[in-house]
Amino acid sequence: MGRTIIIGGGAIGLSVAYHLAHRGAEDVLLLERNQLTSGTSWHAAGIVGPLRATPNMTKLASYALELFPRLEAETGMATGYRQTGGYWLARREERLDELHRVSTLGRHFGLTAQVIGADEVEVPGLDVSDHAGAMWVAEDANVNPVDLCMAYARAARSKGVEIRENCGVASILSEGGTARGVALGDGTEIEAESVVICAGAWSKPLAEGAGLHLPLQAVEHMYVVTEPMPGLPDPFPVIRDMDTGIYIKGDAGKLVIGGFEPDAKIWDAFGPEGNRPFLEMPEDWEQFMPFMEAALDLVPALAETGIQHFMNGPESFTNDTRPLVGAAPDVDGLFVAAGMNSVGVMSSAGIGRVLADWIVDGEAPMDLWEVDVARADPRAATNAHMADRMAESVADLMAMHWPFKQPKAGRGLRCSALHQAWADQGAVFGLTAGWERGLWYAENDAERELPYSVGAQSWYPIARREAARMQDGAVLLDLSPFGKFDVIGPDAVAAMNELVCAQMDVPVGRAVYTPMLNEKGGIEGDLTVTRLGSQHYRITSGAATRWRDGVLLRRRFAVWRVALHDVTDDECVIGLMGAEARDILNRISDADWVDFPFSTVRDVVVAGVACRATRMSFVGELGWELNVSVTQARTVFDALSTAGAKPMGMYALEACRIEKAFRHWGHDLGPEITPLEAGLGFTIDWGKQFIGRSALEAQRTQGVTRKLCLFQVEGDPLILHDEPILEGGRVVGLTTSGAKGARTGLTLALGMIEIAPGEKLADTCARDFSFDIAGKTYPARALPRPPFDPKGERMRG
């Protein structure tokens, strides 16, 4: 590979450089505008917390436990890494549900994590008399951020990385949608094959100049260091008091106290002081006082202890409190690792490794969807939106993580042309994939403001009410946010056949469900493809993956004579589902809705408006998806409503799709799951060549060793995702998604489990499973078929 330029000499940039060198990259240049660590790394608290809320984030974070000691051995330099253990404190019972779930996941990944009573917290001087309990994680640790960075730098230099300090980058050079280097502040241009933005709070304008929009905002981030306190345990464990948003760590006989506040103070990283290295901002006791009061409540001895230092420095946060990592969707050769949300030092190990692998190999080394920069909606990157989000984004790190919690700040980013129509029907809107969509439809004021819960969901009776209408009537679904792409050109058939595993040379008017794979056979996209003409296809994908799918399609079609058009915003899509769907359409349309086979598409006129109707259903009922121009969608919507169709929300939709065991990308499907493992072998045409075929052939020959199954769970627990599936006391898999069925009332989950090669479904269903959910065990059984309409008679009738 050619030269790689890394912009930024903090923990993230230095880790990327180090890992690139480890991968054998021979021409790596790191440019730092001031001195190494002088942006935000130098004042980081240095907490190392390997346990995160999901498997992939835990894998990323846990790598630090391996790397930081190894760096010391490699370089002979101390990093200050020391395992201290840590307590996550819960003041409310509902928080214990979250801690039970996280601790269970941690143990599955080899961490020592357990939920304990408040009386078992063994830290002298800590008053936890008002707490409900805690989680203990033995692997929590501390590291010295500056020492760690210097070790990264020495190790990188020893392997040939060139590091230049006091060398500011003015802009990223690009040509024809490809990054080709950087321009320095003095006008010098340096060419490169890859450019990596690791400039933290200062990343945004560099990225925007190259066509990459980062939802990133710098804020003032504060902590205090106390005077020495006699009698502190050594080591002092990391303390997180989750319900007050504070953390406490030991520091050579002193305490460091910080927090993650609501209404974080916006800081202009490009103002008068934006370029000053090792910047410290003025003390702000008014902003910090709630944290200090919470710390005094937790550690009463602080009342007799002085404050040695008040640290107020810049830190960058993202709109969804997750990092922005990976390949830029619209600029080839441009990569980013920014927006670490105050855990950059800890994250540097895992993020640096996976991004280096991505750069060298040209693809992500694991499922990185949670942090992938391609998830970011360009509209979210506006300064106004990011300023709004800082009202709660920073606090979200430790705020109560309710199941199905909805953000309040920064709403209304994307609304479909039918937004007001849904509102008029009583929609209680929620944010799904950046779009405002009706989660449920309230019939009175009491149904609009429903409480959160870690148990039975208050909206579930409404979801059941909405879904029940499909038995004899019909409902309307908001499907407009789905990603929609047109593929047109003389190579369309060949390009599509290479892209997906199903056969694409089908009659015009045929709709085909098919995965898009990577070379390893993993599922990169979950698509419905409709042939609209001899050289014209329409691809429909998920709402959340629009930008990611778009870049994958663009790059794969680059060698073919086809044009790719994103038409997502041009059309509204209204789902009409239920037993009465055909009758309703007959009342407002002269089209033939009887001789209209399943998985076909036609151009029709509905209520005097030209539409494209696709007979398809994600809820397992008779129904059609109507694509209509945004300018005329309201006419169609009103006609359907007048004819008797009622709205149905996203929660009811989800509770229906699980009853049919329909898979959902990002949960049940992903880049590390193949169609054979996911139970989608029926989508594969073995008679043609396609990306990923060789890997699937090998897997078919050897036999799969894991399988996605639908489970029925007894005891009515709340299933979310990543709950361990047990057999004989041993973890044999994790759930991928779950819900309580809206029509059957059953508690259901999809889960990936270990199987013997060649194991039949009947044998799997005969096995004795149980689920570990929030610290309790529930009996479960694998189902041989979906519990709702297993033969698909309602959907295909």
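Modeller: The account below begins with the core and then turns to some other parts of the chain. Please bear in mind that the model is a predicted one.

The largest nonpolar core has 54 residues. Within this core, the residues with the most contacts are I6, V16, F68, Y152 and L355. Several helices and strands each supply at least two of its residues, namely the helices α1 (11-22), α2 (55-75), α4 (145-158) and α7 (344-361), together with the strands β2 (28-31), β19 (324-327) and β20 (334-338). The largest share comes from α7, which gives 9 residues.

In helix α14, which covers residues 633-642, the buried residues are A633, V636, F637, A639, L640 and S641. In an α-helix there are 3.6 residues a turn, so residues three or four places apart point the same way. Just after α14, G644 takes a positive phi of about 120°.

Q699 is placed in helix α17, residues 693-702. Q699 counts as buried because its relative accessibility is 14%, and the limit for buried is under 20%. Neighbours within four places in sequence aside, Q699 is in contact with T674, L676, E677 and V704.

The strands remain to be described. Strand β35 (residues 724-727) runs antiparallel to strand β36 (residues 730-740), and 4 bridges join them. I725 has G733 in β36 as its bridge partner. The hairpin of β35 and β36 has 2 residues between the strands, and G728 takes a positive phi near 60° there. β35 is also joined by 2 bridges to strand β38 (residues 769-773), again in the antiparallel sense, with L726 opposite S770.

Elsewhere, an open sheet of 3 strands has the order β3-β8-β4, with antiparallel pairing. Its edge strands, β3 (47-48) and β4 (82-83), each pair on one side only. Between β4 and strand β8 (residues 141-142) there are 2 bridges, and Q83 has A141 in β8 as its bridge partner.

Conventions: Residues are numbered from 1 along each chain as its sequence is written. This is a predicted model: local features need pLDDT of at least 70, side-chain atom pairs count only at pLDDT 80 or more; totals for chains, interfaces and linings use all residues. Side-chain values use heavy atoms; hydrogens and water are left out. A nonpolar core is a set of buried Ala, Val, Leu, Ile, Met, Phe, Trp, Tyr and Cys residues joined through side-chain atoms within 4.5 Å. Buried means under 20% relative accessible area, exposed over 50%, partly exposed in between (1.4 Å probe, protein chains only). Two strands pair if DSSP finds at least two bridges between them. Contact means heavy atoms within 4.5 Å.
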